[in-house]
Amino acid sequence: MNSFQKNKKISSQNNRNVTEKQNDTVAVEKDEIKLKLKDISKQFGGDFALKDINIYVKKGEIVSLIGPSGCGKSTIFNIIADLVKQDSGICDVYGEISYMYQKNLLLPYKSIIDNVCLPLTIKGVKKKDAREEVSGYFEIFGLEGYENRYPNELSGGMKQRANFMRTFVHSNDIMLLDEPFGALDSITKMSLIEWFLEIRKKLKPTVMLITHDIDEAIAISDRIYVLSNKPTVVLEEIDLSSYDKNVDIWELSAMKKEVMKIIEDNRN
Ligand SMILES: Nc1ncnc2c1ncn2[C@@H]1O[C@H](COP(=O)(O)OP(=O)(O)OP(=O)(O)O)[C@@H](O)[C@H]1O
Ligand SMILES: [Mg+2]
């Protein structure tokens, strides 16, 4: 048994017995749950994508999903956002969802401020009022002075921040971010992650995010769900909430090795 299992930082969902599951449920329900997926399964064309997925997110938490390409991470988000219907299981959402898709969907013919206003104008808010409402966020999101620029005038990191801002304007209650740092080089990614953690302190959203990058997941998350190859199950749930990300460097690097071993073992 390694040090993390001893400390119960890692728990294997598949190996839990019923009593442990019940205890977990009691412990979890003391905090406010924003998202709860219970025994979610989904097949596409007779091929199992998701099998009995159990995931929850508490208010103010940042929870990551990591897993191999094609295992069903975006499908989980689509089920939460009610864009895809699960075959079985229950998906409870306690709040308003905003969803940042895997692809950058800023409209090239609209200025940044009008892109950010879109969730409001679609709801029927007048353009002038929408602009007024979002203008205060440009400083927080590091885009002050770029309100009237167009997406092709922004760097990759700036476009990601504009994308974040638009998602946030739609709702800061429960944010689903599908590979928000995916297309960036490592230096831009690290600065955007630092920026994201600062935003989190100020605005305290509940966030679920998808990533392929274990370092990114460890740097950002309170908890991580590690998903398997298809048929996709939750291999591990990793609780990082008690670590200080700036201090417990050794523990976190050992944890990274542990996560990589879990993923490697699942591949074999
Ligand atoms: N609408 C659909 N119709 C048929 N198959 C689908 C549909 N949506 C997803 N799939 C299949 O379900 C599986 C999971 O897809 P999904 O996009 O959720 O994976 P992912 O984990 O997000 O992958 P990636 O990391 O590459 O983004 C894949 O095999 C995909 O081909
Ligand atoms: Mg995906």
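Colleague: Are α4 and α5 roughly parallel or roughly perpendicular to each other?

Modeller: An angle counts as roughly parallel under 35 degrees, roughly antiparallel over 145, roughly perpendicular from 65 to 115, and oblique otherwise. α4 and α5 (residues 127-135) pack at about 110 degrees with their axes 9 Å apart, and they are therefore roughly perpendicular. Axes are lines fitted to C-alpha atoms, for helices over the stretch in contact, and angles run from 0 to 180 degrees between N-to-C directions.

This is a predicted model, in which local features need pLDDT of at least 70, side-chain atom pairs count only at pLDDT 80 or more, and totals for chains, interfaces and linings use all residues. Residues are numbered from 1 along each chain as its sequence is written, while chains are lettered from A and ligands numbered from 1 in the order in which they are written.

Colleague: Which residues make the contact of α4 with α5?

Modeller: Contact requires C-beta atoms, placed from the backbone, within 7 Å. α4 contributes Ile 113, Val 116, Cys 117, Leu 120 and Thr 121, and α5 contributes Lys 127, Ala 130, Arg 131, Glu 133 and Val 134. By class there are six nonpolar, one polar and three charged residues (Ala, Val, Leu, Ile, Met, Phe, Trp, Tyr, Cys and Pro are nonpolar, Asp, Glu, Lys and Arg charged, the others, Gly among them, polar).

Colleague: How do α4 and α7 cross?

Modeller: The axes of α4 (residues 112-122) and α7 (residues 156-170) come within 7 Å and cross at roughly 25 degrees. α4 and α7 are therefore roughly parallel, and their crossing is right-handed. From α4 the contact takes Ile 112, Asn 115, Val 116, Leu 118, Pro 119 and Leu 120; from α7, Ala 162, Met 165, Arg 166, Val 169 and His 170. These divide into eight nonpolar, two polar and one charged.

Colleague: Is Asn 163 buried or exposed?

Modeller: Buried means 20 or more other C-beta atoms within 10 Å, exposed 12 or fewer, and partly exposed in between. Asn 163 lies in α7 and is buried, with 22 such atoms. Beyond four places in sequence, Asn 163 contacts Met 100, Asn 104 and Leu 106. By contrast, Ser 253 in α10 (residues 249-267) has 12 C-beta neighbours and counts as exposed. The C-alpha atoms of Ser 253 and Asp 215, 38 residues apart along the chain, are separated by 8.8 Å.

Colleague: Which helix gives the most to the shell around ligand 1?

Modeller: The shell holds residues whose C-beta atom lies within 6 Å of the molecule. Helix α3 (residues 73-80) gives the most, with three residues. Around ligand 1 are Phe 44, Ala 49, Ser 69, Gly 70, Cys 71, Gly 72, Lys 73, Ser 74, Thr 75 and Gln 102: three nonpolar, six polar and one charged.

Colleague: How many residues of α3 are buried?

Modeller: Six of the eight, so α3 is largely enclosed by the rest of the structure. They are Lys 73, Thr 75, Ile 76, Phe 77, Ile 79 and Ile 80. Asp 82, with a positive phi near 65 degrees, follows α3.

Colleague: How many helices and strands has the protein chain?

Modeller: Ten helices and ten strands, where helices (H or I, at least four residues) and strands (E, at least two) are DSSP runs numbered from the N terminus. Of the 268 residues in the protein chain, 33% are buried.

Key. A crossing is left-handed if the near helix is turned anticlockwise from the far one by less than a right angle, and right-handed if clockwise. Two residues are in contact if their C-beta atoms, placed from the backbone, lie within 7 Å.
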